[in-house]
Amino acid sequence: MAKKPKIGVFKLTGCAGCQMEIFRMEDEFLDLIKLFDISYWKMAKRDNDDKDLDIALIEGGISTPWEIEEIKCIRKNTKFLVAFGDCAIGGCIPSIRNWIPQMESEEIVYPDPSKICSTKVHGIGEYVKVDAELKGCPPHRKTILELLKSALLKIRPRLRQHPVCVECKFQGNACLITSNKLPCMGPVISGGCGAICPTLGRICEGCFGPMSNPNASALANIFRDIGLNDEDIKRKFRKYSGMSPEFRLEAGH
Amino acid sequence: MTEKTIKVDYIARVEGQGAISIDITKYGKVENLQFKIFEPPRFFESFLVGRKYDEVMELTSRICGICPVAHQITALRAVENAMGIVISNQTRDLRKLMAISARIFRVMFSACIF
């Protein structure tokens, strides 16, 4: 039998929710352990080795100087580097504070910020070459499985490019924008979640990040027609992927 | 005199972003205990300023991926306290159920993995 691919799971500035999503692949998890050699995963095992990895899943963005060093070191030791989740792609929710002066943020949280060594949050793509992106906060387990399966077969993973609207239609939902006049982010947000929120009558908040080539300004105009003001629109686009080039105008760069 | 030192370089329960070192004397007395958390700060308290009240529970649930429900329910209570909202018994019971099931999941998860 061929050598098992070595896989590493790393956490930077994130919440560990994406790593939890791997654990939640309950039916497939035991098969994965058989097929992969998990050589680095601090959350799950004691002895970790980060040398010569075939796949590295990076969770979390970069917000400290030593994380920049760490991600460059991981890149050097890895063949296939995956930005695992929204934080690793563009900073996700912590990136909302990129619009607040750093000193102001630190003073709100810490009585003595002199020991804090933190920078603005960026995705790992800001510092190193990324081979694949798994969108989502957290990514859906089926997407993770698709990526790992493709890695075993040595083929390109089929990651979704379509908006949430496609999956919403598959569920047979009425459109929340046209019928209820609610500011749903679905038309510009990448699918992959199975349109969970719109199916429950809740608008899409955008946790999967921008779809491929979205028309964000057109959606912003629709929001204006519904009755949102410019501040509301900015807030909506700044939530999960304000740092992304697709949403930069609407997020107010 | 230190007889024994227990050293854990990264604690899996806090996602590997904490360390603990305990020095114990011959007589079983703890001489020195150091607990380090090296998780980078994310400044939730600062960026929540200026967000809308109905976004708070969604944003705070991202504080921790292992226990999102605890943060979500706490955030809901904070907003309700601030606005003087009294919730029905049914809502309170439902939240309690959700919190308990989240705790069962977390304990089961810890028992299985670590």
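## The antiparallel sheet of chain B

Two strands count as paired if DSSP finds at least two bridges between them. In this predicted model, 6 bridges join strand 1 of chain B to strand 2 of chain B, and the two strands run antiparallel. Within this pairing, B:Val8 stands opposite B:Ile20 of strand 2. Strand 2 of chain B, residues 18–25, also pairs with strand 3 of chain B in the antiparallel sense, over 7 bridges. There B:Ile20 has B:Phe35 as its bridge partner in strand 3 of chain B, and B:Ser21 stands opposite B:Gln34 of strand 3.

Of the 8 residues of strand 2 of chain B, 7 are buried, so the strand is largely enclosed by the rest of the structure. In a regular strand, side chains alternate between the two faces of the sheet. Strand 2 and strand 3 of chain B form a hairpin with 4 residues between them, and B:Gly28 in the turn has a positive phi of about 80°.

## Helix 3 of chain B

Helix 3 of chain B comprises 16 residues, 68–83; at 1.5 Å a residue it should span 22 Å, and its end C-alpha atoms are 23 Å apart, which agrees. The buried residues of this helix are B:Val69, B:Ile73, B:Ala75, B:Val79 and B:Glu80. Viewed down the axis of helix 3 of chain B, these buried residues fall within an arc of 160°, so they line one face of the helix.

The face of helix 3 of chain B turned away from its buried side carries the exposed residues B:Thr74, B:Arg77, B:Asn81 and B:Ala82. Just after the helix, B:Gly84 adopts a positive phi of about 70°.

## The parallel sheet of chain A

In chain A, 5 strands form an open sheet in the order 2-1-3-4-5, with parallel pairing. Strand 2 (37–41) and strand 5 of chain A are the edge strands, each pairing on one side only. The twist from one strand to the next averages 25°. Strand 1 of chain A is joined to strand 3 of chain A by 5 bridges, the two running parallel, and A:Lys11 stands opposite A:Glu59 of strand 3 of chain A.

A:Asp37 lies in strand 2 of chain A. Apart from neighbours within four places in sequence, A:Asp37 is in contact with A:Lys4, A:Pro5, A:Lys6 and A:Ile7. The C-alpha atoms of A:Asp37 and A:Pro163 are separated by 34 Å, the two residues being 126 residues apart along the chain.

## Helix 6 of chain A

Helix 6 of chain A lies across strand 1, strand 3, strand 4 and strand 5 of chain A, and runs at about 155° to strand 5 of chain A. A:Ser150 is one residue of this helix. Its relative accessibility is 2%, so A:Ser150 counts as buried, the limit being under 20%. Not counting residues up to four places away in sequence, A:Ser150 touches A:Ile155, A:Arg156 and A:Pro157.

## Nonpolar cores

The largest nonpolar core has 27 residues, of which A:Ile22, A:Met43, A:Leu57 and A:Leu148 touch the most other members. The elements of chain A that give two or more residues to this core are strand 1 (6–11), helix 1 (17–23), helix 2 (26–35), strand 3 (53–59), strand 4 (78–84), strand 5 (132–134) and helix 6 (141–153). Another core, of 22 residues, lies apart from it and includes A:Val164, A:Phe223, A:Leu228 and A:Phe237.

With neighbours within four places in sequence left aside, A:Leu57 is in contact with A:Ile7, A:Gly8, A:Val9, A:Phe10, A:Ile22, A:Val82, A:Phe84 and A:Leu147.

Methods. Residues numbered from 1 in each chain as written. Chains lettered and ligands numbered in written order. Heavy atoms only, no water. Core = buried A, V, L, I, M, F, W, Y, C linked by side-chain atoms within 4.5 Å. Buried < 20%, exposed > 50% of the residue type's maximum accessible area, 1.4 Å probe, protein only. Contact = heavy atoms within 4.5 Å. Expected span 1.5 Å × (residues − 1). Arc of directions from axis to C-beta. Axes fitted to C-alpha atoms, helices over the stretch in contact; angles between N-to-C directions.
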